[in-house]
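I opened this model to look up strand pairing and aromatic contacts. My notes follow the order in which I checked things.

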Amino acid sequence: MILGATNLIQDPSFEAGTPNPSWNEASVNFGTPLCTTAACGTGGGTAGPNTGTWWAWLGGTAATDEVASVDQTVTIPAGTATLSFFIWNGSAVAAGPDSLLVDVDGGNVLTLAEDDACCTAGYAQVNVDVSAAADGAPHNISFAMSETDGTTTNINLDDVSLAVVAGGPTLPPPASVPALSVIGLGTMLIALGLLGIYGLRRKSA
C-alpha cells in the first residue's frame, strides 16, 4: 500500500466472509475460495490468512481439477496506479501448468507460476503497475487459478490493495497585468497634466 494513498479495493482482506458483498467468488469444487481455518483447515500448515481471519485459498486439491477465482470491479481515477497483494504458495512443487493469473478486464497483467520463488517461504507482497487502466472508468480486477496437473497447489491470497497517486499539481498561470483601458489611460494623462500645471504655479508663486 502506498503511504498516504486510499485503498480503492473494498474488503481487501476478505473479512466480510462469504457470500462476500464486495468480491465475486467462484470455485468448481468448493463453491468459494474464501476460507477461515475453522472452515477449511490449514492444509497441514500450507494455508492460512496473512492478516485477520479470512483469506482466499486458490487450488487445494489433487483429486480433481480445480478452477477458482475472486474478482471485483473498481473505478480507477487518473494517475499512477499500483495493484498490491500478499501471496503464499504453501505447497510449491516442481514447475507445472498451475499458475495464478492476475487480470485487469480479462487482460493478463501478471502470471505467477506454482513454484515462483517469490512466494514459497511465506506470504510475500507483490506489486503490479496497472496505470494503463487509470482513466476514471470502472475496471475488473481478477485473481484466478486453474489446478490441472494432479498435484496440490495451495495459493493463498490476502490483503489486496489498489492505490492511485494523482499526477503532479497543475501550476496556476502567471498573473497578468490588466491592460489600461482608453478611459483609464486618458484619466491618468489628465492627472499628470494637472500636476505639471500645479508644479509650475508653485514655482512661479
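These entries cover strands and then rings.

**Ground rules.** I am working with a predicted model, where local features need pLDDT of at least 70, side-chain atom pairs count only at pLDDT 80 or more, and totals for chains, interfaces and linings use all residues. Residues are numbered from 1 along each chain as its sequence is written, and side-chain values use heavy atoms, with hydrogens and water left out.

**Strands.** I took strands as DSSP runs of E, at least two residues, numbered from the N terminus. Two strands pair if DSSP finds at least two bridges between them. I looked up strand 9 (residues 137–147) and found it antiparallel to strand 4 (residues 66–76), with eleven bridges. In this pairing, V74 stands opposite H139 of strand 9. Strand 6 (residues 99–104) also runs antiparallel to strand 9, joined by six bridges. Here L101 faces A144 of strand 9.

**Rings.** I paired rings of Phe, Tyr and Trp (its six-membered ring) with centres within 6.5 Å; planes under 30 degrees apart are stacked, over 60 edge-to-face, the rest tilted. That rule gives five aromatic pairs. W23 and F143 make a tilted one, at 6.5 Å centre to centre and 55° between the planes. This pair links distant parts of the chain: W23 lies in the segment before strand 1 (24–27) and F143 in strand 9, 120 residues apart.

I then checked burial (under 20% relative accessible area, 1.4 Å probe, protein chains only). W23 has 2% relative accessibility, so W23 counts as buried. F143 has 0%, so F143 is buried too.

W55 and W57 are stacked, at 6.0 Å and 20°. Both are buried.

Last, I noted a cluster: ring pairs link F14, W23, F85 and F143.

Note on methods
Helix = DSSP H or I, 4+ residues; strand = E, 2+ residues; numbered from the N terminus. Buried < 20%, exposed > 50% of the residue type's maximum accessible area, 1.4 Å probe, protein only.
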